[in-house]
Structure formats: structure tokens, C-alpha cells
Amino acid sequence: MKEKLHQIKEKYKGKKMAPAFNAIHTFLYSPNETTHSGSHVRSADDLKRTMNTVIMALVPCLLFGIFNAGYQHYSAINGFPAEFSLFEHFLTWENFWLGAITVLPIVIVSYGVGLAIEFIFAVIKGHEVEEGYLVTGMLVPLIVPVDTPLWMLAVAVAFGVVIGKEVFGGTGMNILNPALTIRAFLFFAYPTWMSGDKVWVHGAKDGITQAGSADAISGETVLGYLAQGNTEFTYSLSDMFYGFIPGSVGETSTLLILLGGLFLIFSKIASWRIMLSAVIGSLAMGLIFNGIVAAEWIPEYSKFYGLMNFEYWQHLLVGGLAFGIVFMATDPVTGSQTNRGKWIYGFLIGFMSVMIRVFNPGYPEGVFLAILLMNVFAPTIDHYVVRGNIKRRMKRLKTATIHPKVTDGVEALKTETV
Amino acid sequence: MALLSKKDANLILDPLADNNPITIQVLGICSALAITAELKASLVMAISVIFVLGVGNVVISLMRNVIPSKIRIIVQLIVVATLVIIVDQVLKAFAYELSKTLSVFVGLIITNCIIMGRFEAFALGNGPWKSFLDGIGNALGYGVILIIVGFFRELFGSGTLFGIPVLGDPIAKTGLYATGYENNGFMIIPPAALIVVGIIIWVQRSRNKALIEEA
């Protein structure tokens, strides 16, 4: 089988559809070609391996999202169980089935449209298909509400992949994270489907009513609830940590995101510097807001009071902050490359996410906006980090006593340092 | 073409495509972003600029030998400001609603880089007839892009063209809306115009590779 595929590949080399064939081929097998010039280090983790590792870290979130979609739907109709038991109320076939028929179409559309566009561009440009969409395609279903209409998703994916990535030259050349570009497009194009209290629970938009009453079901995210000026909410801390709350498909369970993040850190795929500094940044901003409330600089009737009063560390448990920090901010293409830059980049993402959350009245979620903004600034941060490094070394050179032979003068050392 | 010599015809036709002020010279972007949410506003803007640039170019060209070069920018400003005020007053008198939609952007035609650019680059060195053709051509090139952008933004953003619903009624859910289609709110906001202009630039340059600038 493997040999046969190699033969087919040779036969159709240079033909128009060759890139499309090669994409499927290399997805299944490693190519039989060797590099032709110079010496190369062979490493086990190529782009595909990296992508697959991230997808593995995302699968638990997806499975949880499927169960949670069902759980939120049935709980909204029948009322939340008084005595919650994981196996009786959450991990049921009923929940799984409902979640599967609502979530899996989103996954299929996301991958179908995205990969189709990647293939079309590869054939037009005549280069190999890049694997960049594998992770994006998995991230997209996890960051949209369950009831997102599929055609909207298809339009947004087409926009995100073409405008967010292909116009810049494809995978590895994009400035903005494609998954977040898709999310931002959806948010600005179809705000009624992306926020409010009717989109987070399956069926709420269609007006399904609660059992034994005429009220339509609804489900508000914790942040949406707080943004309306409320200070008390019904979800317990453990609910928020384990993720039994309404929200986008895969972002609710902080526990599973944490596990996925640890997995990415130990497999050295994602940068722990960005994650850690983003957490510090969000805690810092949260503490500032808590401090403002404690100092009574803001009256209780202010519309910002509810969110400002929200315990600073609990920001990490609700909304997409944890998910964004672990899976989106750490995107190696759009993030900062230098270590010092990663600290600044991550810190500002956390800092601004919480700030936008509190100050954005229309939509109490700022993670995707904060990350997109920092994506734009990442090259600038890197530039100044590199420049700063050069400056410091030049200064060190000036004050250094030079021991080596007189023949290698300052000039030679200078070029070496720079 | 009997009416115009080939050289003269090129003065009008060049700016429409291969030397378009917006997509090639990237001038006049600000107003292209601000007023293209509706097709009607785009059209009125285009006509206003055609008037201002056509007449302005002729006036500057007639005065080109008497304007001291040290104060030429001021003279140009006075000419364009006069013309813009005429346009503004006409709009206020006969199309008040539209003039409110266009608001400050009619006044800002004065600062439209295309106009000063054509005065400087063409009218100061050519006769009135040629300057007139050049002015009309460049303004048309600007207007064409405005109308294309306005067309797509109004169609997808509001589902209307010239204010007339073409995709059905979004509230009563008729026509295309019955299938679940919704207006794209993204197209209403100015950044969408930037992206539409970008796509036009992309399409134009991939059709004519000679237009691609050296990186």
C-alpha cells in the first residue's frame, strides 16, 4: 500500500491535483523523500505531530462540551438536579446523544469548509497543502455557542481562512489567529447569535419551554449575568471549575483545560511562559478592580459594579479566559517568539482580557479581542526585545576588559556579539 | 474613437483600472471607508467628487501660469474649498437627508488626497481640456470603487440596494430570510470597507501581475 502510493505520487508529479493528493498521502505516511542538500537534523515532531498533540489536548474539552450541551438543555427544561451526581445527571446517553447531534455538525462544517479552502488554495498556488487548519478546525467548534447556524459558521470559516490566513501567505505567515478571526467575524456579523441569554443552551432560540410552564428556556453565562449589574449567581465554585455552566461548547470546563494545558507544557508544544504570565496578568487586573471596589471608589449602582466586585481569581474559571490562555494565546505563529517578549505578551493578554470584560457593556467577554490585539503587537514586542538585547550586549562590550590577543580587536568582537 | 484621440481617451480610461486612485495609488481611502455603507451615499459622493475634481482641474489648469509656485497649495485649497461649498449647499438644498448621512465627509472632500494629488501632478502642467479629462477620469475611478464597495456592503449588510429591499423582509421573514439567512452586521461597520477594498486590490493584482509592487 505504502509503496503503491509512492508510485502514484511519482506518476502524477507536476500535475495540477498533485498537492491535494500529497496532502492525503503525507497525512497517512511519512514521505519517502530525503533532503537533497546539506545536512539536516531529523526530529520526531514535524508540523503534523505538533498539530495532533494540540488536538489530543482538545479532545477532552470537546467530549465534555458534548455532554454539557445535553446537560444544559435538559436541565433548562426540567430544572437543575438538586443532588448532582456525575453519572446519573451528566454522563448519560441522553446528554451525549443530544450533544452529539448539535456539536458534531459544527465540527464537520468547520473542518469541511476550512480544509476545502486550504485544498483549493494549494491547487491554485501549486504548493503543498499546509496542515495549519487541523488545529483551527478543532478550536472553532469549541469557541462558538451550541446553536450557531451552520451556514453562518461556514461563511465565517471561509472568511477567517481566506482573509485571516491565506492572503498573508498561508500557514505560518498569518498575523492573526485564524480561529479567533472566525470568532470575531461571527461576533461582529451576527451579534444576536453570539451573545445574550438565548444562545448558550440548545433550543432556547427556538423557544422550547420549561416543563410545566409557558416560560421559554434560557441560560445566561456567569459573565453575562454579572454584566447586568447582578452580584449573586446560582452556580457554585465547583460548578464553574468543573464546567457545568452554560457557555461556548468547549470552554466551560476549567479542569479539562488545565489538564490540556499541562499536557501541552510537558510535551513542550505550548509556551508555559505565555500561560503563566497571562494568568498573572488577569489576576493583576482582577485585583485592581477588587481594590477599586474595596476602596469604595465606585458606587453599587454602577453598571460595572457586578463584574468589578467579582472575586479576582474566579475570572479564570468563567468564560473563555482559561481556554484562550491555554490554546489560543500560545499559538506559536501569532504569539511572541522571544522569551522576554512572551512574558510581556502573555501578561498583557490576561490584563486586557479582564479589563475588556469589565468595561465592555455589550458583551462581557474580552479574551478573543485581547488576544487578537496582542497578536498584532507581538512582532513589535519582539522587535524591541531583540533591540534591547543588542543594546545591553554592546554596553557590556564597552565596559568589558578585553583579555584575548591584541589581534582580534574590538571590531571582531563587536560583530560576534551582534 | 473619433470623439477623443487615443491619448485623451487613456486619460479617462487609465484611472478606471490600471491606475486607479484607490486600489493602485491608495489615495482617498478615508472617505471610501466612511460613507460606503449605503449605495446611495456612495453614488452621491462619487458624483460630488467628479464635479469638484473635473471643474477644479480646469480652473487650476487655466491659472497654472499665474500661480506663484510658493503659494500654489493655498490657491489650490481655495479653489477646492469653493467647489466643495457649492456641492455642500446644493446637497443641503435638494437632498437634505443624504447630506445628513454624508455629514462631515462632503466637507472633507477638501482633504481628499486624490484632488490635491491631481492638481499637483496633472493640472499644473497641462492644458484645460486634458486636465478636465484627467479630473473626470480619476474621479470616475474613485467613484467606481466606491460604488462597488457600497453595493456589496449594502447588499450583505442591510439586504437592500438604494434603500430598496432586494432579499426580502428581515422582520417578516420573507424571501431569502425565510431560509434562515440574516444580515451581516460586520458589513455595516467601516472596517468591512477596508476588507472589501482589500479584496478588490487582491483580485485586480492577481489578474494583472504587472501591478504588483516590489516588496
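1. Helix α8 of chain A has 12 residues and reaches 16 Å from its first C-alpha to its last, close to the 16 Å expected at 1.5 Å a residue. The expected span is taken as 1.5 Å times one less than the number of residues. Helices here are DSSP runs of H or I with at least four residues, strands are runs of E with at least two, and both are numbered from the N terminus. This is a predicted model, in which local features need pLDDT of at least 70, side-chain atom pairs count only at pLDDT 80 or more, and totals for chains, interfaces and linings use all residues. Residues are numbered from 1 along each chain as its sequence is written, while chains are lettered from A and ligands numbered from 1 in the order in which they are written.

2. α8(A) is largely enclosed by the rest of the structure, because 11 of its 12 residues are buried. A residue is called buried if 20 or more other C-beta atoms lie within 10 Å of its own, exposed if 12 or fewer do, and partly exposed in between, with C-beta atoms placed from the backbone. The buried residues of α8(A) include Pro178(A), Arg183(A), Phe185(A) and Leu186(A). Their cover includes α6 (133-142), α7 (150-164), α9 (191-194), α15 and α17 of chain A.

3. Helix α17 of chain A (residues 367-399) has 33 residues and reaches 45 Å between its first and last C-alpha atoms, close to the 48 Å expected at 1.5 Å a residue. It bends by about 45° at Phe377(A), and a proline, Pro379(A), follows within four residues. The bend is the angle between axes fitted to the seven residues ending at a position and the seven starting there. Among the buried residues of α17(A) are Phe368(A), Ile371(A), Asn375(A) and Val385(A); what covers the buried residues of this helix includes α8 (178-189), α15 (321-328) and α16 (339-359) of chain A.

4. Chain A as a whole has 18 helices and zero strands. Of its 418 residues, 44% are buried. Among contacts in chain A with a separation of 6 or more, 74% are between residues 24 or more positions apart. Two residues are in contact if their C-beta atoms, placed from the backbone, lie within 7 Å.

5. One backbone angle in chain A deserves a look. Lys268(A) has a positive phi of about 60° although it is not a glycine. Most residues other than glycine have a negative phi. Lys268(A) sits in the loop between α12 (254-266) and α13 (272-294) of chain A, and it counts as exposed because it has 11 C-beta neighbours inside 10 Å.

6. The largest nonpolar core has 139 residues, and those with the most contacts inside it are Ala156(A), Leu186(A), Ile349(A), Ile371(A) and Val52(B). Helix α3 (residues 47-78) of chain A gives the most to this core, with 12 residues. Such a core is a set of buried Ala, Val, Leu, Ile, Met, Phe, Trp, Tyr and Cys residues joined through C-beta atoms within 7 Å. Leaving out residues up to four places away in sequence, Val52(B) touches Val80(B), Leu83(B), Val84(B), Val87(B), Ile109(B) and Ile115(B).

7. Helix α4 of chain B (residues 72-94) has 23 residues and reaches 33 Å from its first C-alpha to its last, close to the 33 Å expected at 1.5 Å a residue. Its buried residues are Gln76(B), Val79(B), Val80(B), Leu83(B), Val84(B), Val87(B) and Leu91(B). These pack against α3 (39-63), α5 (96-102), α6 (104-107) and α7 (113-121) of chain B.

8. Chain B comes to nine helices and two strands, in the order α-α-α-α-α-α-α-α-β-β-α from the N terminus. Its C-alpha atoms fill a box of roughly 65 × 45 × 40 Å along the principal axes. Buried residues make up 34% of the 215 residues in chain B.

9. Eight residues of chain B are in contact with eight residues of chain A.

10. Ser206(B) lies in helix α9 (residues 190-207) of chain B. It is exposed because 11 other C-beta atoms are within 10 Å.
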